[in-house]
Amino acid sequence: MKLKNLTFKGGIHIPEFKELSEHMAIEAAAPVKEVAIPLMQHVGVPCEPLVKRGDRVLLGQKIGDSEAGLSAPVHASVSGKVKKIEERFTSGGSRALCVVIENDGEDARGFELTNRNIEDISVEDMILLVREAGVIGMGGAAFPAHAKLQGAQKGIDTVIINAAECEPYLTCDHRMMLEYADRLLDGLKVMMKITKAKQGIIGIEDNKPDAIEHLTIKLRDYSNLHVAQLKTKFPQGDSYRMVDSILNRKVPVGGRTGSVHALVTNVGTCIAIGDAVVRNIPSYERVVTLTGDGISQPKNILTRIGTSIEDMIAMGNGFSKEPKAIIVGGPMTGFAQFDETVPVQKNTSGVLVLGKDPATEYEMGPCIRCAKCVEGCPVNLLPLTIAQLALKGRFEETAKYHAQSCIACGSCSYICPAHRPLTELITAAKRELKTMAKTAR
């Protein structure tokens, strides 16, 4: 099969700005005085607290859980005393119950490290270990990993590691591929055993030649494991685009990658799965890219979950200039923040500090029907038409144009010469359609 110069139809080319941090090796975060760990960091049912104010907790101790099938436990990211349990804002703009822990600086562990042999562990035990470790989709989706693996035990022939990292500025996946390659391989083997997949493929954009070379060498002794070289284009990191580029399979409308016999997960999630099964490590930390022209020292930081954005900025030696925007995630799909006290979550891939805000420096003009948004849409939609209907409040009609298939990648808004907020309008239409569907039940 072809494994070079792979791509998909549509998409856009945008400045990368990865040079700010791509050569910065992962460093451990500086100790913080306290962490605020949300009990809702995943798709599904929120966790209930398993601790109370005044309790002493250990690093990696489970502090929240739920009996619901679609949920994922959360763990203490430091050892110390539970200061309070209260609602706080999270990076997505919603509020969640958080366990606030005062760090005692001891990092006294509440779990035993292991070195298990993957071949000796049953599929059922693997899924249970992933569940107990609280692993979720760390690329942004936040879907509980054990539920995804459980649902992929039949009909999967290929496991794909989504290592595109197509968002500008972000480099955490790139650094993990270079520095955590063996752990990445463990996670891939675990997923292949669970799914009985015949092959595993790591899809990497060609702007990361060192990662491509490094992992190609790592996989050379495996006949069923490959590195796929993808053309650098946004949004290559969308799982449906990844399957299209590598396997030439189109996920049907309303379907999942499993509908075309593929399981896709990102680099951080894959490593967390391997760590859970082989080493018994709960998901209490992750690599976060701290970057942007507004931060003094861009870095890739192994960050404890619950660390505030404010503390992260201090780890980068503060602002280099007056910030115009602080974004959690990438600039295309991330969320601008209004509160620096919001905590890092399991799916926080980056903290981006911008000295200027490109989203507000242009005035919106009329649509000139140039069709650039149609050309760039990776889902083959008509963004200008859907947005115009949404602007007029004709939300029901947007369904005829498949508004709900929009992946909110931001390509249409970015490429529009009139600077129209197309993605935002389509997202509003999707929200209205969802509300209408609930009301009709």
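**The nonpolar cores**

Leaving aside residues up to four places away in sequence, Ile202 is in contact (heavy atoms within 4.5 Å) with Ile161, Ala163, Leu184, Leu188, Leu215, Leu219, His226, Val227 and Ala228. In this predicted model, local features need pLDDT of at least 70 and side-chain atom pairs count only at pLDDT 80 or more, whereas totals for chains, interfaces and linings use all residues. Residues are numbered from 1 along each chain as its sequence is written, and side-chain values use heavy atoms, with hydrogens and water left out.

Ile161, Leu184 and Ile202 touch the most other members of the largest nonpolar core, which has 49 residues; such a core is a set of buried Ala, Val, Leu, Ile, Met, Phe, Trp, Tyr and Cys residues joined through side-chain atoms within 4.5 Å, where buried means under 20% relative accessible area (1.4 Å probe, protein chains only). A second, separate core of 29 residues includes Val57, Val78, Ile313 and Val342.

**Surroundings of helix 1**

Val123, Met126, Ile127, Leu129, Val130 and Arg131 are buried in helix 1 (helices are DSSP runs of H or I, at least four residues, and strands are runs of E, at least two, numbered from the N terminus). These buried residues pack against strand 5 (62-65), helix 2 (145-150), helix 4 (181-195) and helix 7.

**Helix 1 against helix 7**

Helix 1 (residues 123-132) and helix 7 (residues 267-279) pack at an angle of about 115°, their axes being 9 Å apart. The two helices are therefore roughly perpendicular to each other (65 to 115 degrees). Their contact is made by Met126, Leu129 and Val130 of helix 1 together with Ile273, Ala276 and Val277 of helix 7.

Technical notes: Axes are lines fitted to C-alpha atoms, for helices over the stretch in contact, and angles run from 0 to 180 degrees between N-to-C directions. Angles under 35 degrees count as roughly parallel, over 145 as roughly antiparallel, 65 to 115 as roughly perpendicular and the rest as oblique. Buried means under 20% relative accessible area, exposed over 50%, partly exposed in between (1.4 Å probe, protein chains only).
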